[in-house]
Every structure is written in structure tokens, then in C-alpha cells.
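Reader: I would like to go through a structure with you. Please show it first, and then I will ask about the terms.

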Amino acid sequence: MGIRSLAVSRSRLQDLGLFGPKGRLNPHCLLSSWPCGAVSWGGGGGAEDMVVLRAGLCPGLTEEMIQLLRANGIRTVVDFVSSDLEEVAQKCSLSYKALVAVRRVLLAQFSAFPTNGADLYEELKSSTAILPTGSPSLDQLLDSGLYTGEVTELMGAPGSGKTQVCLGIAASVSLGLKQHVLFLDSTGGFTASRLYQILRARAEDGEEQLEALQRIQVVRVFNIYEMLSALQELRDRLSQQVVSSMGPLKIVVIDSVSAVIYPLLGGKHSEGLAIMMQLARELKTLAKEFSLAVVVTNQVTRESSTGPLKPALGRSWSFVPSTRVLLESKEATWEKATTQRVASLAKSSRQPTGIQVELDIGNGDVQELSPATLTQGL
Amino acid sequence: MADAFRRAESGTQLLARLEGRSSLKNLEPYLFAEEASPVHGDVIEFHGPEGTGKTEMLYHLIARCIIPKSDGGLEVEVMFIDTDYHFDMLRLVTILENRLAQRMEEMIKQCLGRLFLVNCSTSTQLLLTLYSLENMFCTHPSLCLLILDSISAFYWIDRSNGGESLNLQEMNLKKCANFLEKLVREHHLALFATTQTLMQKSANSAESFFPLKLQHETDTDYRPYLCKSWQQMVTHRIFFSEQCNSGNSKGFTVISCHLKRNHVVKRSFSVAECGVQF
């Protein structure tokens, strides 16, 4: 298909090193080593994703050719492709035909291929899945559920139930669809006991519950580099199609993305924004290339004290998710903590925005649990 | 001898040039301030914050192009370069189903056969992809619309990669803009590109974009941040914003500016199941 990924293996990542020359964590190195169209060493300063011509980069590119090109100021692939090959053939006394052949191979290697719309549609029809969230009203809001190939965002104030909904989604996909789930927890809000509680409410059989728990892989990440590393590991695994303890994976849940990005933003330098956009890019390419549903949670802010609620992390992030749901508490009386929430659709390409549904993030069962246990893990 | 060699074109190029690209005049008259727009060689920029209908408008334009003439479309081919990984094929199919007289699979696939999609993940890959697409424009004479969604996708990453030097930061985008201009000119295309409102409008009123008499009518959050090469090649700039409606329905506004002739026009639209409706 037209979408090609150049997976960077873990060991190569370690070779390239996350650490700059002075031994400090260097975001420039991080950015240049992430899966992008071309990965290479920067010559020191400057755009680090320029691939420098070297012998063996493609068939037909010999060491002598490289020396001659370099003597005429052509060092990178971009220089080569954008130069006038007849002039180069004359100045470097190289064969025009050879240069044209090399150019063709380099373009084939480093550019993206176009796909025909009809072919893409055929492929999507067979690979797109809609995953149930475990809550029928939320499914209705999302037009049947979570679509693979997209990033869906749940935003809400602290205590609005984002983690509960994420746990519900993980339980539903693992139990109902028998698919594997990757849960990246950056807040420490994931509790296995709460997940078990949810599973017990939905399935009778102890064996089933245990199997469902085993299909959910939890990775605790507490900064952006750990998160990117976990996503890189996932990409490696999916690219190599290793059939291991991890079976077919259809969903990645990240709770939350704002917790790891907030420390990067602010300040004069735009590196934090660049890393955030790199994370965004990674999430979207994972979703599209491997047909996964990606669910992220985010905080909310307001522009003024009476303005509407907006997602946190700024304008640049707001373009990233395809679907966005706002979770709010229903107006509750002070005596009793309620498990009622209101979910409204803030962004969608399929449904009109503004529609609302009510959710209950508790078990739904009348249990002998005390209120303290119910709010645990929220 | 080298000169003659340089000017020779292949048979397909000659045919493409002589046959001419189909007219795009009836693409979407509501979007443009002037009649008979867009023409070949136009570069149209869609600018607006998130959730204002830019991508929906692109689906609308794609549908207008790929639907056959018998159903009211232009029956031309479209090249869509997606740098955001945002393109929703299922949404496009829903729009097509609502617009075609017969909702048959065959018809839909025939229409989709006129659409080409590419995904690019870095600005360098975008540049190299543009070079490799050049060949495609020669061999497909009915390919007259090029859409780039969005051209600002790499802004922060490029800025960080370029370090302290503004030149280095903008270099990739500048090269892309220059090559795009060459492609649009040589192959007689129309280019639609979206840019996102990443920055707040500066409080400095001297940076105002519109002539004074129109300012009270138009209130846009526009602050140019892309490189000069791109800003200079844009011929039409269309601003998208949300419309505050009293009722439940959500409306959007477009303010369309023809940059050379300083014509500005304001229109509204809404988004339904069948796509954009003016």
C-alpha cells in the first residue's frame, strides 16, 4: 500500500542515543531519531532529518560518485534530487544515465507513494473496525463506538470520570471482543482491582475474567520519553508481527496525555511543542498504519471564567484528535457523591456536535461497597 | 546541443500541454470573490482554527471533482497530499453516496478511482514526494487539482530542528513552496492548501490584514507565520470561522479574499450528511 513505515528498531535507537554530547537529555536527538521519512545523523546544527549521501545508500551510488558530487556541493539526497542532472553530469563528468537511475531509486526509497482512492477504500472496508466502549449510550454518541484508524480524545476536569471510562473501554474490548489492549498509564490512576470489579460485573465466569485481565497490558510511563519509548516498542512489535503473548492488538488507551506534555510546554523555546507534535504524529501514524483505535485523555481549560470549556494543551494539539468527547459531572447534591456523568460530543466528522448522553461510571450494580470504595481509582 | 536536449519534452508532456487541463471554473462559485475562479495557476489557502469546516470543505471540493459529469460533477482527477493523517475515507464515501443519483458500489469505486492519496510524515519527505509526483502530473492530463492538507503540519518540528537560525527552520518549507509553484505553473494545476491557526493574533493593530473599510465586517484571527515564499505565492486566502447561531444548528463562515485585486466576500455554510451546504 502507499503508506510505508520505516520502523526504527530499539537497538538503533540506543545507538543513536537519547543523550546529547554533554550527556544531557537532548530533544534534538530524540526528534531526529524518531520514525520519519529519513533517519540520519545531522552534520551538526541544521535540519537533522536530511539524509547525507553515502556509498551503498542505494545501488549505483559508488564512493567515487559521492566524492565527485560532494566536490560540487551536493551532499544530501535533497540536494541531489533538486539539482539539474545535466549540469551535474557535465560538471562532475559522470554519466547522465547513471545519475538519472540513481535519482529514480532515491526517490523511490525516500518519498511516499500515492494510492488510488478505490484501492484505499477496499482496504479500509476490510480493516476498519468499530470497538464498543462498554457503555451503550457512549457508543451511541460515538456513532456505534471507537473507530480504528483514528485518535479519540476524552476531555474533562479531574474527577469527571475519564479513567473510569478508559477502564470500561479496556474491559469491554478485552472481554467482549477478546482483543488485546495496551494501556499507558501516566497518572498512576490505573488500579487493577477496579478493573477486576468492572469485569466481575460484566462476566460471570472466573476463567473468562482472568483471561480478560491477561489481555490487558499496562505500562506505567511518567514522562514523555518513556511514553515515546513504549510506543516505539509497540511499533516494533506490530511491524514484525511477532506472535507472542501479545495477540491481536486493536486499541491503545493513554491516560493521560496532558500529564506528560504539560511539563514540556511554556517557556521560550518551541522544543516542547515540537515533541508534542512528534507524539501526535506517532499516535496518528500508529492508528492509521496498523488499524488501531487510539484513545487519549486530556484536561480542560477555559479562556475566561465564563467561557466554554476547551481541551488543554493548546491550539496545536486541538487539531490532532478526530473525535472529542467532553465528560462532566451532573449537578449533584452535596450529600451524596454521584456516579452520573454527562458526555457531550465536542468534535466529530460523522455526527453533529453538541449531542449529549448520560453515563453512569459506577458499576451499575447495587453493591455492598461503601461510597469510599466506589470513588477509589477515579 | 545541451540546450536543445533540455527543451525537448516527451510525447506525453506535449499531449498534456496541448490538450489542456479542464476548466475548474464551476468548482465552487460560493467560495470565491470573483466569478470564473479558480483558474489554473491559482493557489488558494484555507486558514482557520480547529473545527471550522476546512476539511469538510475539502471533501466537498473533492466530491465536486470526482463525480461524473452525468451527476453534475467535473469528472477530473484529484491528488490529495495528507500530512496530518487526517483524511477520513468513510466520510468521503458518505458524501458521495448522498450526492450520486445511484448509490451503487461500482459508481462509488469509479469516482474514487479519480482520487489519489499520499501521506507524508516529514517536510523532507514532502519535498521528495513532490519531486516524485511530477511524473504523475505528466502522465495524467486530467489531474488538475492538487490539495495539500495541511502545509503547516511540520511547523513546530521544523522550527525546533532548525535551531536558532530562521533560515534553516524555514528551509524545507521554502523549497516545498518553490517547487509547488513550479508544479502549479508548468502543469496548469490549481492548488488548495490548508493552514492551521496555530498562533494568537497579535495585539498590534498595524499588522491588520484588511483594508480599513472592510475591517468592521471581518474579524479574523490571522497571524502569518509560514515562510515568505509561501505567503507570496498564495493568490486567494479563505478564512474559516464558526458562526454564532441563535438556534441549535451550527454554522460556519468563510471570508474569501482575492489577494491581488483586494476583493473580499463573506458567505456562510453549514455541514450536513451530504457535506457542505451553502
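**Where the two chains meet**

Author: Thr115(A) stands opposite Leu117(B) in β3(B). This is a predicted model, in which local features need pLDDT of at least 70 and side-chain atom pairs count only at pLDDT 80 or more, while totals for chains, interfaces and linings use all residues. Residues are numbered from 1 along each chain as its sequence is written, chains are lettered from A and ligands numbered from 1 in the order in which they are written, and side-chain values use heavy atoms, with hydrogens and water left out.

Reader: What makes β1(A) and β3(B) a pair?

Author: Strands are DSSP runs of E, at least two residues long, numbered from the N terminus. Two strands pair if DSSP finds at least two bridges between them. β1(A) and β3(B), residues 115-119 of chain B, have two bridges, so they pair, in the antiparallel sense.

Reader: Why is the meeting of Glu50(B) and Lys347(A) called a salt bridge?

Author: The term asks for a side-chain nitrogen of Lys or Arg within 4 Å of a carboxyl oxygen of Asp or Glu. Here the N to O distance is 3.3 Å, so the pair qualifies. The count between chain A and chain B is five salt bridges.

Reader: How many residues does each chain bring to the contact?

Author: Chain A brings 60 residues and chain B 59. Contact means heavy atoms within 4.5 Å.

Reader: What is the area buried between chain A and chain B?

Author: About 5,100 Å², with 58% of it on carbon and sulfur atoms. Buried area is the accessible area (1.4 Å probe) that two parts lose on being put together, summed over both.

Notes
Helix = DSSP H or I, 4+ residues; strand = E, 2+ residues; numbered from the N terminus.
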